[in-house]
Amino acid sequence: MTPVNETSRSAAADLLRQDILRHLALDLGRDPDAATVRDWRVALTLALRDRITTQWLTSERTRRAASAKRVYYLSMEFLIGRLLEDAIVNLRLEEATDGALASLGLDADAMLANEPDAALGNGGLGRLAACFLESLSSLGLPAMGYGIRYEHGLFRQSFDHGRQVEAAETWLKHGNPWEIARPETAFEIGFFGHVHEEGSRAIWSPGDAVRAEAHDIPVIGWQGGWANALRLWAAKPVAPFNLDAFNHGAYAAAAEGEAMARTISRVLYPDDNTEIGKELRLKQEYFFTAASLRDILKRHKAEGHSVTDLPRHVAIQLNDTHPAIAGPELVRLLHDEEGLDFELSVEIARACLSYTNHTLLPEALERWSEGLMAHLLPRHVTLIERIDAFHAAERPNSPVRIREHGQVKMGELSFIMAHKVNGVSALHTDLMKSTVFAALHADHPDRIINQTNGVTPRRWLHAANPGLSHLICDRIGRDWLSDLERLSDLEPKLDDAGLLTDLAGVKRANKAALTDWLKSEHEMDADPDAMFDVQIKRIHEYKRQHLNILEAIALWQEIHDNPNGDWTPRVKIFGGKAAPGYHFAKDMIRLINDVARVVNADPVTNRFLKVHFLPNYNVTMAERLIPAADLSEQISTAGKEASGTGNMKFALNGALTIGTLDGANVEIRERVGEDNFLLFGMTAAEVDARRAVHDHAAQAIAASPRLARALQAVRDGRFSEDEPHRYHGIADNISGPDYFLVASDFEDYWRAQREADALFATPESWTRKAALNIARSGWFSSDRTIRSYNADVWNLTSLSEG
């Protein structure tokens with residue numbers, strides 16, 4: 001007799017097969033014999049979307065019936081990556097999907113590989129937002145994400161003789177089957193113009209406007225019990241086509257309005273080194289924030305609620321300063337359009353808004369010139385002036401002003417207009433209180449709280465590392481998928497027969513798969529028995545990829561001096577993009593590629609050391625690299641990284657961290673144990689003291705012959721024979737101001753790397769430490785982070801049955 005669960009799985013596979021064929025025929029107009037891999041992938045996506053949308057509508061009805069409060073998460077980035085596997089996993093349809101595709105003669109891996117990465121983000125900010133949406137749905141908390149539907153995302157990265165080359169990303173070339181277009185949900189968003197008074201009321205008459213049109217992507221939670229949505233705004237012209245101009249032969253001018261409007265939602269983070277670039281950036285930020293707030297108010301009123309009751313039903317989380325204009329815009333809507341008193345409008349807005357800070361770098365806390373703000377958003381400048389005065393009246397002894405020296409400071413605006421402000425790691429939150437927001441913290445000592453970041457285990461362990469997931473499930477069951485701290489149940493089992501051997505086998509298999517992919521896709525060689533040493537993140541001086549490559553140069557030189565030494569084979573893998581206008585970071589990329597060219601071709605050393613920089617790093621690449629990594633490079637200058645989430649993903653997948661006491665590294669080290677973390681470098685306090693030494697870099701170089709030698713090789717053009725002066729800027733920076741203290745941390749970094757070499761040479765010890773990293777990383781779940789936000793900031797009610 002066939003077991004019931006086997007029968008139900010077979011029925012689920014049959015039903016999914018029928019739905020795939022139906023969508024193939026009716027939505028794509030294809031017979032199976034003529035269908036391409038893309039056709040099948042889209043048909044499968046639509047079949048899964050049906051199931052998710054059904055749950056989404058059910059969830060929305062449940063929320064409305066309960067009149068439940070919802071959080072709206074505003075972010076310039078949502079780095080969601082590929083969604084197909086996420087959907088299959090969270091719907092618990094792995095076996096049904098495999099069965100349905102097998103019955104159609106299709107390869108499930110080919111389906112997954114055919115899906116493009118959604119180009120909606122760049123780094124940790126956007127990936128965090130994506131993890132949060134998944135956790136919100138998994139916890140049954142009503143939520144909606146708001147962002148921009150970028151046509152071309154950041155950019156597609158390639159290398160030309162080692163140099164970064166940027167090209168337009170084309171992820172929407174064939175459409176996005178996950179999204180549901182909502183052309184009826186659109187708002188006119190104004191810019192420029194003038195403000196005039198009618199009695200006591202200010203009227204803004206914009207000089208230009210675009211339409212913000214909604215596109216929804218439903219987001220299903222674990223086990224399919226609740227779904228929320230990500231709403232992305234596309235910029236469209238108010239008047240799509242000038243027929244009169246076209247009929248007079250001005251064909252380009254006829255479409256100019258459409259081209260200019262679409263510019264707003266074409267590219268993530270357009271280069272803002274020019275005034276026109278700055279204007280476009282501010283336009284983008286206002287565009288999506290204003291559309292989102294109007295959508296929130298429209299929904300709130302349609303459900304029969306008063307605008308004065310907004311905080312009871314609406315929480316709005318600002319993910320960094322990009323949506324900081326939400327404060328004055330919500331005040332404008334309440335005061336100018338709804339007719340509420342200014343002071344009441346500010347209080348209501350503040351009760352709804354909360355702000356997540358992601359940086360301690362002064363240049364990353366956005367500031368806009370008052371001239372630009374007044375030109376683009378004339379009403380908002382006057383409202384910001386009134387908010388400034390309102391806050392000064394609240395805190396008459398405060399030295400803080402939002403407007404200062406001809407600039408509007410968006411960090412201060414975000415803080416003043418939020419009822420809660422959070423950092424994203426314990427260290428970061430403490431530094432916020434003592435540095436960038438010290439005066440505001442003195443004014444509002446209860447406003448700053450900590451919410452340490454987390455990652456979703458469904459994607460970053462279960463889906464990305466199926467071998468490890470199966471091993472864990474076999475040993476402790478599946479409860480960890482919804483309660484990641486259950487991973488601690490692994491620790492008492494580390495001495496069980498075969499566990500460490502099996503764990504090492506999973507890592508070896510992941511490394512072998514990555515080795516094959518490196519060879520087939522990039523013609524790069526790697527030995528899966530070598531240490532895989534990985535640094536994948538945005539390229540920036542504070543993240544110190546140049547420290548990493550300098551250590552590689554010094555190691556190469558010492559191996560060359562003693563090729564018969566007892567060296568631990570190592571493959572250094574880099575990935576990440578530099579902002580198009582960030583020339584120093586682009587030089588760092590080129591230097592790494594030039595060093596790789598020389599080192600990898602050296603027959604004396606290349607059996608011990610290889611260096612690879614992978615182009616176009618994205619979420620899918622991270623899902624390949626992280627499960628295969630042995631060593632996780634988290635080497636930012638202490639006091640500069642807000643938190644990080646890559647550090648959590650690596651530890652969760654059994655990589656040891658080599659890192660500084662920066663961001664969430666501090667808490668990772670506390671959780672996994674000091675003996676299972678390769679610490680180096682100065683503390684944040686020591687960094688500040690070291691910077692006060694006027695010749696700190698020169699002293700460090702003089703005390704480190706190996707660093708001096710590595711720098712001299714860079715300066716002499718050893719890696720750029722055709723252009724010996726190519727990297728003088730990098731060498732001069734490290735030798736001179738060295739703000740990020742590469743030279744001062746180098747020797748301790750070298751020591752920690754050699755400690756890693758020695759430990760890797762004793763595989764059982766390494767694997768035990770890796771296992772402890774896994775077992776003790778459960779706290780770094782985005783489910784835990786979201787529960788904490790909800791308890792401390794949002795006060796939502798979970799509505800899922802699970």
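# Briefing: cysteines, cores and salt bridges

Cys131 is buried, at 1% relative accessibility (buried is under 20% relative accessible area, exposed over 50% and partly exposed in between, with a 1.4 Å probe and protein chains only). The model is predicted: local features need pLDDT of at least 70 and side-chain atom pairs count only at pLDDT 80 or more, whereas totals for chains, interfaces and linings use all residues. Residues are numbered from 1 along each chain as its sequence is written, and side-chain values use heavy atoms, with hydrogens and water left out.

**Cysteines**

- The whole structure holds 0 disulfides (a disulfide is a pair of cysteine sulfur atoms within 2.5 Å).
- For Cys131, the closest cysteine sulfur belongs to Cys473 and lies 19 Å away, which is too far for a bond.
- Cys473 is likewise in no disulfide, the sulfur of Cys131 being the nearest to its own; Cys473 counts as buried, at 16% relative accessibility.

**Nonpolar cores**

- The largest nonpolar core has 146 residues, and those with the most contacts inside it are Ile20, Leu48, Ile189, Phe191, Phe287, Ile316 and Met373 (a core is a set of buried Ala, Val, Leu, Ile, Met, Phe, Trp, Tyr and Cys residues joined through side-chain atoms within 4.5 Å).
- Helix α10 (residues 275-302) gives the most to this core, with 10 residues (helices, H or I with at least four residues, and strands, E with at least two, are DSSP runs numbered from the N terminus).
- Another core, of 59 residues, lies apart from this one and includes Ala554, Trp567, Ala743 and Trp766.
- Ile20 is in contact with Trp40, Ala43, Leu44, Ala47, Ala100, Leu101 and Leu104, leaving aside its neighbours within four places in sequence (contact means heavy atoms within 4.5 Å).

**Leu614 and its surroundings**

- Leu614 is part of strand β19 (residues 609-614) and is buried, with a relative accessible area of 0%.
- Neighbours within four places in sequence aside, the contacts of Leu614 include Gln157, Phe159, Trp517, Leu518, Ile573 and Phe574.
- Gly576 is 38 residues from Leu614 in sequence, and the two C-alpha atoms are 8.0 Å apart.

**Salt bridges**

- The count comes to 68 salt bridges (a salt bridge is a side-chain nitrogen of Lys or Arg within 4 Å of a carboxyl oxygen of Asp or Glu).
- Glu169 and Arg156 meet in a salt bridge at 2.9 Å, N to O. Glu169 lies in the loop between β4 (163-167) and β5 (180-191) and Arg156 in strand β3 (residues 156-160), so the pair ties together parts that are 13 residues apart in sequence. Glu169 is buried at 9%, whereas Arg156 is partly exposed at 38%.
- Arg776 and Glu491 also form a salt bridge, at 2.6 Å. This pair links distant parts of the chain, 285 residues apart: Arg776 is in the loop between α32 (763-775) and α33 (782-794), and Glu491 in the loop between α20 (466-476) and α21 (499-522).
- Arg570 pairs with Asp533, the closest N and O atoms being 2.8 Å apart. Arg570 is in strand β18 (residues 570-575) and Asp533 in strand β17 (residues 531-536), 37 residues apart; both residues are buried.
- Salt bridges with shared partners join Asp533, Glu551, Arg570, Lys572, Glu633, Arg754 and Asp757 into one network.

**Positive phi angles**

- Ser67, in the loop between α2 (37-66) and β1 (70-74), has a positive phi near 50° although it is not a glycine.
- Arg92, also not a glycine, has a positive phi of about 60° and lies in the loop between α3 (84-90) and α4 (94-103).
- Ser67 is partly exposed, at 33%, and Arg92 is partly exposed, at 37%.
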